[in-house]
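Thanks for coming. I will take a few minutes to walk through one protein, so please have a look at it first.

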Amino acid sequence: MAHDNPCPARRRPILLAAVAGLLALTASLVSAPAPAAAAALGTPYLPKPTGPHPVGTTSLHLTDTSRPDPWVPAAKTRELMVSLWYPTAARAGRRAPYVTPRESELLLKGSGIKELENIPPKALSRTRTNALTDAEPSGRRRSLPLVVLSPGFTWPRSSLTGLAEDLASRGYVVAGIDHTFENFATTFPDGRVATCAACAHVNDDDFGQKVIRSRAIDIPFVLDQLTGPRPKWKGSALINPARIAMAGQSIGGAAAPETMVKDVRVRAGVNLDGSLFLPIPKSGLARPFLLMGAPSGDGTWKRDWEHLTGWKRWLVVKGALHPSFTDYDMLLQQLGVDLGGGLKETRSMDITRQYVAAFFDLHLRGKPQPLLDKPSPRYPEVQFCAPAATNC
């Protein structure tokens, strides 16, 4: 739902403008004034998590030998990089990097930010995070819910770090997946950097559907690697395999219903501003689902609303843009780039964290969440929606 694009459609292919993560904000950046003071700004940062636990993080390199890569068939296996965030008892250690300098450069170049003055290519690599690298996981055996995060097209798993850190601080294990060749840069442990091979296919008629179907294979594979009989992470015993959910942004959110249809282990899902290129089956999806996005009137949400037959909410966030449900709206403001949205400073992050955490606390932990029952004076930007309402 790249509805934050004010520029003529001819500047991007229609489908690319609809699904392409960082490319969805390129047009906004091209028309934005150059941030002359950006070079003098301080270090970009993610706000502190709101939960009681310190946060640790680590990365896994996983290889699915059962299939070739969908975007580079010459690669006979599907390689994925996964970041894990989790509660830890550690209070000190090395802060995790946000992205590498090379990833920052490719990300900013691919997004069009290189067209603006005074944004250093390595700017995003300086972002201060809150998680401690390779800290020891803490918790009781099979006590922690697991949330999988799937990013927008062209955007890396790091784009949802602010949300991931917050959920981990509240006692969740969070797995953020880089869907290889679908973003501007994925770095493997041996130093290889995979770039966006899928970007060459954005004008294919079935492109959005292919991305969603591929992710609905990636995610169950990652679940197998984390909760199966031979888990790849030393902290896997802490995960409760009966309490698994998924959230995604843009096409990552659009992949949530399909993943839930294909894998009954995923008990609840969140779509953050993603157009549903692959319709929810008419037979329905009876597990809890949250739609949360910017004002748009997206037809696919209206089309599929009745096929969500379980607990459901549709939230519209006034002032939000497509990147507002990631770290990027906030971080770019810190770098002096105003995308034109109405959520300033850390407000976009605050809202996303609170509502997503409330949803998971309700459906994975059974804790009542009045925040999800009606509008809140603390978050007047958030409107409760239904297809018949005019604010949809």
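How much accessible surface does the protein have, and what share of it belongs to carbon and sulfur atoms? The accessible surface is about 15,100 Å², and 53% of that belongs to carbon and sulfur atoms. Areas here come from the Shrake-Rupley method with a 1.4 Å probe, and for residues only the protein chains shown count as cover.

A word on where this comes from. This is a predicted model, in which local features need pLDDT of at least 70 and side-chain atom pairs count only at pLDDT 80 or more, while totals for chains, interfaces and linings use all residues. Residues are numbered from 1 along each chain as its sequence is written, and side-chain values use heavy atoms, with hydrogens and water left out.

Now the overall picture. The protein has nine helices and twelve strands; these are DSSP runs, H or I of at least four residues for helices and E of at least two for strands, numbered from the N terminus. Among contacts (heavy atoms within 4.5 Å) with a separation of 6 or more, 72% join residues 24 or more positions apart.

Next, the largest pocket. Its volume is about 490 Å³, taken as the space filled by probe spheres set on grid points joined across faces, edges and corners. A pocket is an open set of points on a 1 Å grid over the protein atoms alone, where a 1.4 Å probe fits, with protein on both sides within 12 Å along at least five of seven lines; lining residues have an atom within 4 Å of a point. There are 25 lining residues, and Ser59, Ser83, Pro97, Tyr98 and Arg157 are the closest to the centre. β1 (55–64), β2 (78–87) and α4 (161–169) each give two or more residues to this lining.

Is Thr161 buried or exposed? Thr161 is buried, because its relative accessible area is 4%. A polar atom of the Thr161 side chain lies 2.7 Å from the backbone oxygen of Ser158. Beyond neighbours within four places in sequence, Thr161 is in contact with Leu46, Trp85, Tyr98 and Asp327.

Last, helix α3, residues 101–111. Its buried residues include Leu106, Leu107 and Leu108. After α3 comes Gly112, with a positive phi near 95°.

Note on methods:
Buried means under 20% relative accessible area, exposed over 50%, partly exposed in between (1.4 Å probe, protein chains only). A polar contact is a pair of N or O atoms within 3.5 Å; within protein, one must be able to donate a hydrogen and the other to accept it, and residues adjacent in sequence count only if both atoms are side-chain atoms.
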